[in-house]
8 protein chains.
Amino acid sequence: LRQGFPEVIFGQNKTAKQLIRIFSHLKEHHGTVIATRVSRPKAEKVLSALPELTYHPQARCLTYGQPQRPRKLGTIGILAAGTADLPVAEEAALCAEMMGNPVQKFYDVGVAGLHRLLHLLPQIRRCNVLICVAGMEGALPSVIGGLVSQPVIAVPTSVGYGSHWQGLAPLLTMLNSCAPGIGVVNIDNGYGAAALANAINRLGGVET
Amino acid sequence: LRQGFPEVIFGQNKTAKQLIRIFSHLKEHHGTVIATRVSRPKAEKVLSALPELTYHPQARCLTYGQPQRPRKLGTIGILAAGTADLPVAEEAALCAEMMGNPVQKFYDVGVAGLHRLLHLLPQIRRCNVLICVAGMEGALPSVIGGLVSQPVIAVPTSVGYGSHWQGLAPLLTMLNSCAPGIGVVNIDNGYGAAALANAINRLGGVET
Amino acid sequence: LRQGFPEVIFGQNKTAKQLIRIFSHLKEHHGTVIATRVSRPKAEKVLSALPELTYHPQARCLTYGQPQRPRKLGTIGILAAGTADLPVAEEAALCAEMMGNPVQKFYDVGVAGLHRLLHLLPQIRRCNVLICVAGMEGALPSVIGGLVSQPVIAVPTSVGYGSHWQGLAPLLTMLNSCAPGIGVVNIDNGYGAAALANAINRLGGVET
Amino acid sequence: LRQGFPEVIFGQNKTAKQLIRIFSHLKEHHGTVIATRVSRPKAEKVLSALPELTYHPQARCLTYGQPQRPRKLGTIGILAAGTADLPVAEEAALCAEMMGNPVQKFYDVGVAGLHRLLHLLPQIRRCNVLICVAGMEGALPSVIGGLVSQPVIAVPTSVGYGSHWQGLAPLLTMLNSCAPGIGVVNIDNGYGAAALANAINRLGGVET
Amino acid sequence: LRQGFPEVIFGQNKTAKQLIRIFSHLKEHHGTVIATRVSRPKAEKVLSALPELTYHPQARCLTYGQPQRPRKLGTIGILAAGTADLPVAEEAALCAEMMGNPVQKFYDVGVAGLHRLLHLLPQIRRCNVLICVAGMEGALPSVIGGLVSQPVIAVPTSVGYGSHWQGLAPLLTMLNSCAPGIGVVNIDNGYGAAALANAINRLGGVET
Amino acid sequence: LRQGFPEVIFGQNKTAKQLIRIFSHLKEHHGTVIATRVSRPKAEKVLSALPELTYHPQARCLTYGQPQRPRKLGTIGILAAGTADLPVAEEAALCAEMMGNPVQKFYDVGVAGLHRLLHLLPQIRRCNVLICVAGMEGALPSVIGGLVSQPVIAVPTSVGYGSHWQGLAPLLTMLNSCAPGIGVVNIDNGYGAAALANAINRLGGVET
Amino acid sequence: LRQGFPEVIFGQNKTAKQLIRIFSHLKEHHGTVIATRVSRPKAEKVLSALPELTYHPQARCLTYGQPQRPRKLGTIGILAAGTADLPVAEEAALCAEMMGNPVQKFYDVGVAGLHRLLHLLPQIRRCNVLICVAGMEGALPSVIGGLVSQPVIAVPTSVGYGSHWQGLAPLLTMLNSCAPGIGVVNIDNGYGAAALANAINRLGGVET
Amino acid sequence: LRQGFPEVIFGQNKTAKQLIRIFSHLKEHHGTVIATRVSRPKAEKVLSALPELTYHPQARCLTYGQPQRPRKLGTIGILAAGTADLPVAEEAALCAEMMGNPVQKFYDVGVAGLHRLLHLLPQIRRCNVLICVAGMEGALPSVIGGLVSQPVIAVPTSVGYGSHWQGLAPLLTMLNSCAPGIGVVNIDNGYGAAALANAINRLGGVET
Ligand SMILES: Nc1ncnc2c1ncn2[C@@H]1O[C@H](COP(=O)(O)O)[C@@H](O)[C@H]1O
Ligand SMILES: Nc1ncnc2c1ncn2[C@@H]1O[C@H](COP(=O)(O)O)[C@@H](O)[C@H]1O
Ligand SMILES: Nc1ncnc2c1ncn2[C@@H]1O[C@H](COP(=O)(O)O)[C@@H](O)[C@H]1O
Ligand SMILES: Nc1ncnc2c1ncn2[C@@H]1O[C@H](COP(=O)(O)O)[C@@H](O)[C@H]1O
Ligand SMILES: [Mg+2]
Ligand SMILES: [Mg+2]
Ligand SMILES: [Mg+2]
Ligand SMILES: [Mg+2]
Ligand SMILES: [Mg+2]
Ligand SMILES: [Mg+2]
Ligand SMILES: [Mg+2]
Ligand SMILES: [Mg+2]
């Protein structure tokens, strides 16, 4: 069904032992396998059994194999404002790459520093699809959505405190955005954003 | 910025008088104009002043002009399960058409009647992008997302009662879907789904 | 305690009869009286008894008397993006004026149309205090707060639908804003924003 | 009142010492005793005092005695999609067995892998009652409910993240299901599902 | 799939015209048809076209045909405490009867008047399955569940005010009940309770 | 203002050092001092500095001095159903005693074991005021309130899981109770219940 | 059980016809009957059949008979800040009086006008029990609770807007009050407050 | 843009290593730098690398450099009621001072001890702006707002338990306050309150 799409394991509720068993099994039939939400200690246990895997600490992912050989695809742009949002952004970036997409990162673009965002706009506009990762009030996709005509995937993060309620605040911001053409995924779901961006990107050809 | 995209007026909080003034103004500069969320009585007042408009009662939209001349685009599939979800599905369909996209409707596909859904699957899979409209528990996008590899846009509706809380139930279902590659828009936001589907569809060529 | 501050009646839960009685009483001791949240039919009943009052339909306020004679005060800037937010913005503007403040309105500044906002920035920066009124996702105060150094008062409105939950979405956006120096008032509380802006403005001298 | 029903202790808020005292007491009057929600370290302390008990690590239960001698009863089918939901499914299975019911487990049936579910359908349909355990979006009971005519007991689990809100998402999905004939129990309440399934199963005879 | 089960139309979001069309169609293939959530004015319009239907004002249902010929089934007991909960209780009772079940009503059993409840206990215990309908704090199923060993289906209603939040209060009460063997359906969902009770009852033989 | 009322320190957010300082100070002016919400390790540090205090582990309180010499007061009855609710019940009991009230405990009265509750009713009815402590669904005050005419103070506890949401479920149950004459305090607030019971009890004379 | 307590009917969900039937029945066995939550049009229909009843428009109650002949009881003080809270305060006052209690009203005491509250304090302190009715932020019981030693019953009202969420705001304020000795009833539940105050007051003798 | 405003780092999600790098960088271009939300262990690691910084344990802040040289500014008054709220109050105080404002602290003013608050009122009234920090029910800003005419910035804290929901209770209290002229910031956001107070204070001259 999903040819060209790596097998993806949700690592959060699995033990190192379970991960080793699943990886060993999948490696036999698939060229690329990813496990998301793997903490460093758990990763180290898995790596000592399966040293051919790679751990990506900021993205908190374990991977096996190389990205799929891409047919000529456009670029997926990944935008994030705050340092604390980077784990989610990196999860999205790594997954998108493993699915065979060229990825370009714009990690220092906050709504507060608008001029820097405007300065990068020409480069951002050359991407095929955009993933916007934002915690706190999550206003970035609204601003970006008003400036570009590409599809925008908005990922709220759980970064914040108080009335943020673990991501409720940016989730509602993104769902209620005035800018048309924004699709929202679950809080902290970098992987889901990558999967949607990949599905979209495979429809298009080279960059516009 | 958004060439090939009709002007879209949010009709909900505007009087007939305000709509007449805005339509008259926009008609001078744009070949196509849509107003969403227009009740029939309000539409009738607008039509008596601007008889060149068309009212679409189920979609609750007023339109001016013809769909944009499409360059060769793939089809947007619109799925809905229940009769009560049709206004939202029709808003999505009409907006997607006015933006120049071929649209195919699959309106009788409920999770309860799984065999009919499976029967239509070959046709559904020929679309470029899918919009899934669902109220009640909103499980349709999860099932569809597991069966197709295209991008899926999920639209929760406010159709339900009790612990549905005006759309909260299907909204959460869709955000938490196990099926990858689903982007969610606001409750009842048929227009937003169409705008995202259009942006995605313009990246792709003919149907896969 | 609050010299130079008009008497303000909350009109929402009062009958025309009660309003007439209260206005008649307050007029004897105060030069200026405002009633907020007065619907047109209720206002008309009050006006037939007290023709010396003035009704402001968009602000939904009844007023008696003239604004307080201002000592030289700076300007309160009032920003709003959408047409549907204007009743709240007008309530704020009228109350601020009745309290003796010069008011300047910037009513067409949405996050979606960023360039227009940037174009007006020099004028906006000449104000002493800013009131930002926004429904939908309520991102305007975050963007403004990053561009100016004045105090910003953010007013979420109940304008929206679905997961907006009658103003919850922009309320959370504003409370979680990354931009420092933003104070939030209750949903739709234009009057409260004006009262705070007035208290702030009285501390300052002429425009900076 | 509840003859043929083992004594069930809710272990979560009890110390090992309290559990030892209660087990010692109940063993004198009852042939079968279960304690649910017992962590492994706590279980080990209890076992060192009462070695005649058995610990079931995945179900997190301590049991004493053998299942009740069943009069001829139909089978309770227990369905679960994800690995992370297994502790709840196992709690349900173990409790149902200790109450004297034949139990059949279908643990690899996810809505995403619909064909496997359809493949197992004939076996699933031979059960008297079904318990559906599901986290994430919790769509499994809706799909099952549309395919079978037996009573379905839906158990939402706290497995998920972000807008899952510790089980709220699948709880609402299950309460709002379009498929008729579904009864819902509390989040993670495998024991409660077993108790209800047992009460239902005792009404019926052999499998249909 | 569901032989012996009447067709059930959800009448809430349908016009009289739509109901007439659906009834006309279903009557040709089914001996019994029910529409739930039909207001009196809507019912009257339908009846003028289809006088062979019957309207049940308290249950707010339209029915066609007679209950299914029951094979020998046990009785479904329906308990309700308050007058205001009767529409939901009657919807459950009527639907259960149309599905061919003997029904016994216990409508004056409140937790406040405990002695009356205890007095009726012998009769209640002779039923095969119990449906407990309760608004306000919804404590009835907890008390009943502790007194009987049959399956109990709990239906929270939207009857209450203030912190009741349209049924949230009794819904949570029922989901958190200490009494084992309780399955909960959506707020006000009398039909769903009947469907579940019917599925359960068909497993059993005559009354225990 | 509150003669005859011990000084009460909220221990939860205070260090042992802060507690020692506050106790040392208050002991000079007051015959009785209580600190609530003190964990055992913290208590031990305080006791090593102030060995004249007493620690009550189940109630999690530190006390200094003896209960106030009571003028002739009626009894405060304290009811609780579950073992896990005892810390809150004991906090209420200890505080009520330190305030000079005779206290009688009924700790094994659950709604599920109704006959035991009915058996104790004559003793319960001899109390002047009742404090009902209940977690899970919190139905106890509703049942008690229907059986007695004394004032009932309901204390929801955070004991539960899933849709209990840390006490929300029993809090709503108690606020929506059909039984008149029930006042509710915050979740787990045993001290607040004791303070209200004491204020009520001081109005009355000996037991009725 | 509750001698000296009038029969009280909850009028909200009953038709005039049902009220007439219930009143006619209860009048035969009881000297005093109250129905709460009766709108004026419904009351007028009832009065035309039962002219011996009295309608109290602000309290929205229908009463039959005279208050119970009080044994010598202390006074119940009823405090309210805003005009809009008076229906709830009046429901409490009327019910308390019908139960035989002397009632004193303090209706112009807001936290904003603290000096007036302080001025009335000596009179307030002479009451036996206090009922505090407050909407908006609901701070009145906290302030009163700190100034008096009597039991305080707090009644949040649904008067407010925006983030008030129909009474949630003052409900939480009251439940979290720092002032000890406050019991809270449901939003707008004037009757419940009166029933609790009456139960408390019957314990006491004359005013302190 | 913000001359005279120190650089402020949000320390919560940063490692000691990241903080050292950022401080080293900012020190080169700025005379004053603050990091908020720094725990003691993290601070100690930073200090061992950068001994020229100062750690403020109660405010949980690391600072570099001296407060900005103030032009003649009025005083910012900081009010707090409870000991547990002091970390938030101290964060506000330290930030306000580092921004160059004279600060006066009123830390023992609770709504329960009203007379002390009234006693300090003359001093409180001499401040230019007031920051009110309050957990529990958060009534302090309402009371203060009614007694002064200065701008009041309200900071709800997460101090409380049960239905406090980590600050929701005082947040709603403050947003719904009857007293005009109150701006609210996020739960526990002492820094944000200081930033707003500073912006306001820079408008004013010397104390009024
Ligand atoms: N049904 C709808 N839901 C959400 N947004 C809409 C809808 N219809 C139109 N819009 C958006 O609202 C904008 C126009 O708003 P307005 O200027 O208030 O008419 C358009 O640019 C659209 O992006
Ligand atoms: N996992 C569980 N979830 C909910 N209720 C349970 C669970 N395990 C046991 N119980 C119930 O808790 C009661 C015993 O509670 P306790 O007396 O506290 O041990 C039993 O009668 C069961 O009905
Ligand atoms: N009151 C009700 N509540 C929930 N579901 C209902 C109700 N009445 C009918 N239904 C369900 O709705 C389905 C019919 O929906 P529809 O095709 O929209 O009429 C039936 O198969 C029933 O399962
Ligand atoms: N305690 C705090 N709460 C909210 N925002 C803060 C806090 N401390 C610093 N900030 C803001 O966070 C920004 C720095 O974020 P960062 O670049 O992640 O260090 C600063 O410009 C401040 O506006
Ligand atoms: Mg765009
Ligand atoms: Mg898919
Ligand atoms: Mg700024
Ligand atoms: Mg079924
Ligand atoms: Mg039972
Ligand atoms: Mg009672
Ligand atoms: Mg007091
Ligand atoms: Mg003030």
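**Exercise 1.** Why do the copies, chain A and chain C, meet through the same surface?

*Solution.* This is a predicted model, in which local features need pLDDT of at least 70, side-chain atom pairs count only at pLDDT 80 or more, and totals for chains, interfaces and linings use all residues. Residues are numbered from 1 along each chain as its sequence is written, chains are lettered from A in the order in which they are written, and side-chain values use heavy atoms, with hydrogens and water left out.

Step 1. The contact (heavy atoms within 4.5 Å) takes 24 residues from chain A and 24 residues from chain C.

Step 2. Of the interface residues of chain A, 100% are also interface residues in chain C, so the copies meet through the same surface.

**Exercise 2.** Describe the area buried between chain A and chain C.

*Solution.* Step 1. Buried area is the accessible area (1.4 Å probe) that two parts lose on being put together, summed over both. Between chain A and chain C it is about 2000 Å².

Step 1. Carbon and sulfur atoms give 69% of this area.

Step 2. A:Glu137, A:Leu172 and A:Asn176 supply 28% of what chain A buries against chain C, more than any other three residues.
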